[in-house]
Amino acid sequence: MVTGTHCPYCALQCGMSLSGGSGPVTVEARPTSTSAGLCQKGWTAPALLASPERLTTPLVRDHRHAALRPAGWDEVFARIGTGITAVQQEYGRDAVGVFGGGGLTNEQAYSLGKLARVALRTANIDYNGRFCMSSAAAAGNRAFGVDRGLPFPLADIAGTDVLVLAGSNLADTMPPAMAHVEAMLAAGGELIVIDPRRTPTAEVATLHLQNVPGSDLALALGLLHLLVAGGHVAQAYIAERTTGWDDVRPLVAGYWPERVERMTGVPVSALYEAARLLAGAGSAMILTARGAEQQSKGTDTATAFLNLALALGLPGRPHAGWGCVTGQGNGQGGREHGQKADQLPGYRSISDPVARAHVAGVWGVPSESLPGPGRSAFELLDALGADVRALLVVGSNVAVSAPDLRRVSQRLDGLDLLVVADLVLSETAARADVVLPVAQWAEEDGTMTNLEGRVLRRRKAIDPPPGVRTDLEVIAGIAAAVGVSTGFHTDAEEVFAELRRASAGGLADYAGISYPRIDAEDGVFWPCPDEHHPGTPRLFTERFATPDGRARFVPVEHRPAAEEPDEDYPLYLTTGRVRGHYQSGAQTRRVPALAAAEPGPFVEVHPHLAEQLGVAEADEVVVATRRGQATLPARVTATIQPETVFVPFHWSEANRLTIAALDPTSRMPEFKVCAARLSRAPSREAVSR
Ligand code: SF4
């Protein structure tokens, strides 16, 4: 039997067909309008289904220093129920935290939010998407009144004249998406890449603006300065479709090219060239991604690019606009349906009395029983062992993916109860008091919302191994363990039916989307308020989702990173992905072909810096920041600048070094820039002497 589904990893959600059942599962690409093929991660995804590292029984620790031992489901649910009740009796309801993930299906994310608000009655739920999409989401919300990563289908890229990718290495992170970029280039389009590294994406660009980490905001302001100075802003569009331009225009006057060159390291000539390309384009798209967004000024940085798009009159026009390239598989849907600290399903605000009443009505509880907004992801982790005494982690590996890991590790140690649901013994699960083995993508039904806002079916191809439960079953089991035995469905389609009602009338309205419609149409774009509505592939063609229908310019200014290089730590450290791994690597590091291709962490060092340090390729180097240090093999490459080093974040070494400085609006940590120093590691002989 062949089952049509989608890849378990990134937000491109490439289509795939799975065959098998009694034997090993095999995969074939299933072309969709979003993606025609698969990358190596997709091709090798079935390897994890039968991995010897797969968890197939619950595990429990009898006391903090005991080893994990196998246990039955009844025992672990009883332990969770007793533990949560004890914590809440002693410290209050909010002393229990829930940490979700952007890889969960819409149904799982929705049920997890409901578990927190209805069964645990805690305000403290957030998810790892806070570390991924939150800055772009905040920028989109304040300018457009809604946050949908791409407000147009990805395939629209092929028809634009100029594409700007700010902080996106699409060629490595979403290789099949490059087909749209290549089509654009083949049709005579131009690609501008803004990235401190000369990535494979930058290699194919018309123009690479190689800025220093943390300077994207100044760069965007500098480009807008040149467009204003050259008389290239879209005055009629600004007058008809926006507000706030008069607050932004005077600010950009201060970002003249020579000053921007000093701030960003991008030569004046390259700034003029980028402005010339944008000014001459009939249509242009500006897309931001984590490089620009994972900063303590990530929201303002995304806003600066959004202002640039508005000044050029792009959003809402064909083959044009601003968007962000979502990272995690369900990074979009995962932030729409209630696992975010301040949101209820359908993108409703948990602080809005009307929204609370609607969702409480669907859930059959009084609206005053719903908690208010809780802590953001890092603030939740930082409160562990103090205000938050028990934590449930579902679909996340915070012991690798959170910033400033030494601090997070100390907080995890302070918990009275740590419960982790995962498919393998991740670094976080290995620290838990209770580990719950859960099903994975090919073993469950549900929906995912891809980077375009297109809702897709994840279809079950095989049964999970005996002893393993689905996340929906685990959530229902935990609810029952704390005394709430109704209202938590374990059938994904039933949960989706409830989600549709909960989202009805909200910004992310799924009311008209059903499993049969998704099957028939190969995905439906939200908002889709009723079953006769066609869905909305392109937003903002007539109006924006603001009260007056106009997009809002928001004035922003450049500011330094929380920690700039200095005498003691003279280099920039930036972090990111490699082609063969996904997120914290909990899954991909256990796929043999991917582990063989990228077996471990490393540090990229420019040849000049390597020479200064007396370091050659593969020599061990100590990377140190004010938070910690890691000894890593050097990769000597001219694709990075001499004052910058890069460490991939799929292993815990990167986040031992990063800083937990948070964006004041999105609460995004500054993964992309901090100050570091490098030294040659002492040789093994010297150490042993
Ligand atoms: Fe497609 Fe992303 Fe999966 Fe690669 S990891 S196959 S790009 S969905």
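Ala, Val, Leu, Ile, Met, Phe, Trp, Tyr, Cys and Pro count as nonpolar here, Asp, Glu, Lys and Arg as charged, and the others, Gly among them, as polar. With that in hand, let us walk through this structure, which is a predicted model.

Start at the ligand. Its shell consists of C7, Y9, C10, L12, Q13, C14, L38, C39, K41, G42, M174 and P176. By class, this shell holds nine nonpolar residues, two polar ones and one charged one.

Next comes a sheet. Five strands pair in parallel to form an open sheet, in the order β10-β9-β8-β12-β13. The edges belong to β10 and β13; each has a single partner strand, so one side of each is left without a neighbour in the sheet. On average, neighbouring strands here are turned by 15° against each other, direction ignored. Within the sheet, β8 and β12 pair in the parallel sense over five bridges, and L165 stands opposite L287 in β12. Helix α12 packs on this sheet, where it touches β8, β9, β10 and β12. The direction of α12 makes about 130° with that of β10.

| Strand | Residues |
|---|---|
| β8 | residues 162-166 |
| β9 | residues 190-194 |
| β10 | residues 207-209 |
| β12 | residues 284-288 |
| β13 | residues 321-324 |

Finally, consider T105. This residue sits in the loop between β6 (96-100) and α3 (106-120). Is T105 buried or exposed? T105 counts as buried because its relative accessibility is 1%, and buried means under 20%. Leaving aside residues up to four places away in sequence, T105 touches N330, E444, G446, T447, M448 and R458.

Terms used. Residues are numbered from 1 along each chain as its sequence is written. This is a predicted model: local features need pLDDT of at least 70, side-chain atom pairs count only at pLDDT 80 or more; totals for chains, interfaces and linings use all residues. Side-chain values use heavy atoms; hydrogens and water are left out. Helices (H or I, at least four residues) and strands (E, at least two) are DSSP runs, numbered from the N terminus. Buried means under 20% relative accessible area, exposed over 50%, partly exposed in between (1.4 Å probe, protein chains only). Contact means heavy atoms within 4.5 Å. A residue is near a molecule or strand if one of its heavy atoms lies within 4 Å of it. Two strands pair if DSSP finds at least two bridges between them. Axes are lines fitted to C-alpha atoms, for helices over the stretch in contact, and angles run from 0 to 180 degrees between N-to-C directions.
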